Amino acid sequence: MTTVEPGSALSRSQAERRRRVIAAAIALGAAGGYDAVQMRDLSARSDVALGTIYRYYSSKDHVLAEALVEWVEDLEGQIARRPPTGATTADRMVDILRRATRTMERQPRLSEAVITALAASDPKVIDCQRVVGSTMARIQDRAFSDDFDLDTRAGIVRALGWIWYAALVGWVNGWSGIGKVGDELELAARLLIEPHEA
């Protein structure tokens with residue numbers, strides 16, 4: 001087995017192919033949702049051989065989950081460049097959560113596709129779930145002041161992660177509209193945080 005050196009021409013070309021596959025998944029998902037993302041279509045749109053795609057990704061769920069990882073990492077960069085605003089921890093957390101859900105509201109079909117994929121039992125998708133969860137935890141952690149109790153803030157972030165996931169699954173399954181996700185998160189954030197700020 002040949003080891004590819006980071007930064008080598010081969011690893012750069014592999015990264016470029018992976019980038020094209022993810023971009024194709026985002027475009028197909030945005031246009032037609034979860035069912036529109038098919039491996040053969042990913043191959044045609046990205047100009048990456050189907051066999052090569054399967055070397056990188058175990059399934060279309062894995063591709064879509066990786067797209068969500070990219071989205072969340074991009075969100076982390078945006079929040080770092082423009083930190084959350086608000087007079088209180090709850091206000092700052094609501095700012096973060098509203099910014100995140102607004103992005104999903106703008107691309108409802110793509111959001112439906114990546115959330116559907118994230119529920120898959122594929123081990124590679126489960127790895128993506130962990131990355132998404134830890135990245136979101138870092139993003140939400142920016143809402144807290146340094147003197148906020150560490151155990152309490154960790155519990156709040158964990159609880160908000162589950163509430164967000166439940167609200168998104170509820171939307172994907174037709175229980176509520178995408179616009180309700182932000183409202184549910186704001187309510188939860190205020191209920192969880194404000195008692196600790198009194």
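## Angles between helices

Angles under 35 degrees count as roughly parallel, those over 145 as roughly antiparallel, those from 65 to 115 as roughly perpendicular, and the rest as oblique.

## Helices α4 and α5

In the predicted model, α4 and α5 pack with their axes 11 Å apart and at an angle of about 135°. The crossing of α4 with α5 is right-handed.

Which residues of α4 and α5 meet? On the α4 side they are Trp71, Leu75, Gln78 and Ile79, and on the α5 side they are Ile96, Arg99, Ala100, Thr103 and Met104. Sorted by class, the residues of this contact comprise 6 nonpolar, 2 polar and 1 charged.

Gly86 counts as partly exposed because its relative accessibility is 40%, and partly exposed covers the values between the 20% limit for buried and the 50% limit for exposed. When neighbours within four places in sequence are left aside, Gly86 is in contact with Asp91 and Arg92. Gly86 and Leu64 are 22 residues apart in sequence, and their C-alpha atoms are 33 Å apart in space.

Val94 has its place in helix α5, which covers residues 89-106. Is Val94 buried or exposed? Val94 counts as buried, because its relative accessibility is 8% and buried means under 20%. If residues up to four places away in sequence are not counted, Val94 touches Glu186, Ala189 and Arg190. Along the chain, Val94 and Ser176 are 82 residues apart, and their C-alpha atoms are separated by 20 Å.

## The nonpolar core

The largest nonpolar core of the model has 58 residues, and those with the most contacts inside it are Leu42 and Trp164. Helix α4, made of residues 60-81, gives the most to this core, with 10 residues.

What does Leu42 touch, once residues up to four places away in sequence are not counted? The list consists of Val21, Ala24, Ala25, Leu28, Val37, Ile53 and Val63. Trp164, which is named beside Leu42 for its contacts inside the core, is also one of the α8 residues that meet α7.

## Helix α8 and its partners

Helix α7, residues 123-141, and α8 have axes that come within 10 Å and cross at roughly 125°. That makes α7 oblique to α8, and α7 passes α8 in a right-handed crossing. In this contact, Met136, Ala137, Gln140 and Asp141 of α7 meet Arg153, Val157, Leu160 and Trp164 of α8. By class, the contact has 5 nonpolar, 1 polar and 2 charged residues.

Helix α6, residues 108-118, also packs against α8, residues 150-172, and here the axes come within 10 Å and cross at roughly 115°. That makes α6 roughly perpendicular to α8, and the crossing of α6 and α8 is left-handed. Pro108, Ser111, Glu112, Ile115, Thr116 and Leu118 in α6 meet Tyr165, Leu168, Val169, Trp171 and Val172 in α8. This contact of α6 with α8 has 8 nonpolar, 2 polar and 1 charged residues.

## Tyr165 in α8

Tyr165 lies in helix α8, where it is one of the residues that meet α6. With a relative accessible area of 27%, Tyr165 is partly exposed. Leaving aside neighbours within four places in sequence, Tyr165 is in contact with Leu118 and Ala119, and Leu118 is one of the α6 residues in the contact of α6 with α8. Tyr165 and Val181 are 16 residues apart in sequence, while their C-alpha atoms are 9.4 Å apart in space.

## Asp47 between α2 and α3

The place of Asp47 is in the loop between α2 (39-46) and α3 (50-56). The phi angle of Asp47 is near 60°, which is a positive value in a residue other than glycine. Asp47 counts as exposed because its relative accessibility is 64%, and exposed means over 50%.

Notes:
Residues are numbered from 1 along each chain as its sequence is written. This is a predicted model: local features need pLDDT of at least 70, side-chain atom pairs count only at pLDDT 80 or more; totals for chains, interfaces and linings use all residues. Side-chain values use heavy atoms; hydrogens and water are left out. A nonpolar core is a set of buried Ala, Val, Leu, Ile, Met, Phe, Trp, Tyr and Cys residues joined through side-chain atoms within 4.5 Å. Buried means under 20% relative accessible area, exposed over 50%, partly exposed in between (1.4 Å probe, protein chains only). Helices (H or I, at least four residues) and strands (E, at least two) are DSSP runs, numbered from the N terminus. Contact means heavy atoms within 4.5 Å. Axes are lines fitted to C-alpha atoms, for helices over the stretch in contact, and angles run from 0 to 180 degrees between N-to-C directions. A crossing is left-handed if the near helix is turned anticlockwise from the far one by less than a right angle, and right-handed if clockwise. Ala, Val, Leu, Ile, Met, Phe, Trp, Tyr, Cys and Pro count as nonpolar, Asp, Glu, Lys and Arg as charged, and the others, Gly among them, as polar.
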